[in-house]
Amino acid sequence: MSESVTRRHLLCGAIALGALPARAGNARLLAHWDLGRSEEMAFDLIAGTGDTVLCRAGKIELVAGPQGRAMRFDGYSTWIVREAGRAPRPEGAFAIELWAALETYPVSDAAFVNQHRKHDAGYSLGLSPFGFWSFGLCVAGEWQECVAPAPLPKNQWLHLVASFEPGEGISLYQDGVRVRKTAVRPGAFVPATAEDLLIGRLNDSAVVDGLFSTGAINGIIGDVLIHDTALRGTEVVPALAVPQLAIPASRFAADPHRPR
């Protein structure tokens, strides 16, 4: 084993919550979103419920993932919302794990997964406009952050893990290899209990002219897991397929502003 892991919305519809039978899950998993399971919701295998997906015209795009299917995010109109009261509550050590493939870097700071309040509480697994990914969280009232040393490659599958352990710090793992570790000040993690959890967009990013959302991921996100423990090693399943990042004609078929 190698060392490892609401503002106005542009032309979008909200795909409503749903419920499906829960899986008898891993006791160390707080959440496991299988983003290729449903065309109507983002389904959490641990909670047994679906979360709202905001997207153009209310239509989710599913494509082939590293294992099964995954959800396509278009960089401006697609993200997932878990209401604050239903969001998982990490305490002490925890880790976030996901598969992703990027088409482009975001136009402003974005996030794969985040639930934070202006750096005063919560956490954010983020991505900069230059492709550097990071994990930040509030510990003892102070924002602590670990930033990867190199931009993420585009047009290929990536396995990313951000792990926090009190007394040990934050570690970032890319494709099973630790790329950076950052010490943090002693203290307890401070959750953002009043903020919604978002997947695919930074929860405090701007909306230009009250219409155009920023801070969103442009690419594909597969399974997203939140572990109730730090991860120091992981087995990475190889993703040999080329990610399907081509834009389908169906995305703009009903758009009155599409080029003709």
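**Rings, charges and buried residues**

Arg201 lies over the face of Trp79, at 4.4 Å from the ring centre. A charge is taken to sit over a ring if NZ of Lys or CZ of Arg is within 6 Å of the ring centre and within 35 degrees of the ring normal. Lys154 likewise has its charged end over the ring of Tyr105, 4.6 Å from the centre. The model is a predicted one, in which local features need pLDDT of at least 70 and side-chain atom pairs count only at pLDDT 80 or more, while totals for chains, interfaces and linings use all residues. Residues are numbered from 1 along each chain as its sequence is written, and side-chain values use heavy atoms, with hydrogens and water left out.

Rings also meet other rings. The whole structure contains six aromatic pairs; rings of Phe, Tyr and Trp (its six-membered ring) pair if their centres lie within 6.5 Å, and planes under 30 degrees apart count as stacked, over 60 as edge-to-face and the rest as tilted. The ring centres of Phe94 and Phe135 are 6.0 Å apart and the planes stand at 70 degrees, so this pair is edge-to-face. Because Phe94 belongs to strand E8 (residues 94–102) and Phe135 to strand E11 (residues 133–139), the pair ties together parts that are 41 residues apart in sequence. Strands (E, at least two residues) are DSSP runs, numbered from the N terminus. Phe94 is buried at 0% relative accessible area, and Phe135 is buried at 0% as well; buried means under 20% relative accessible area, with a 1.4 Å probe and protein chains only.

The rings of Tyr123 and Phe189 have centres 6.4 Å apart and planes at 45 degrees, so they form a tilted pair. Here Tyr123 lies in strand E10 (residues 122–127) and Phe189 in the loop between strand E15 (177–182) and strand E16 (197–199), 66 residues apart. Both Tyr123 and Phe189 are buried. One aromatic cluster is formed by Phe94, Tyr123, Phe135, Phe164 and Phe189.

Phe135 is also among the residues that Cys146 touches, as are Trp133, Ile170 and Arg180; contact means heavy atoms within 4.5 Å. Cys146 lies in strand E12 (residues 142–147) and is buried, at 0%.

Technical notes: Helix = DSSP H or I, 4+ residues; strand = E, 2+ residues; numbered from the N terminus. Buried < 20%, exposed > 50% of the residue type's maximum accessible area, 1.4 Å probe, protein only. Lists of a residue's contacts leave out its neighbours within four places in sequence.
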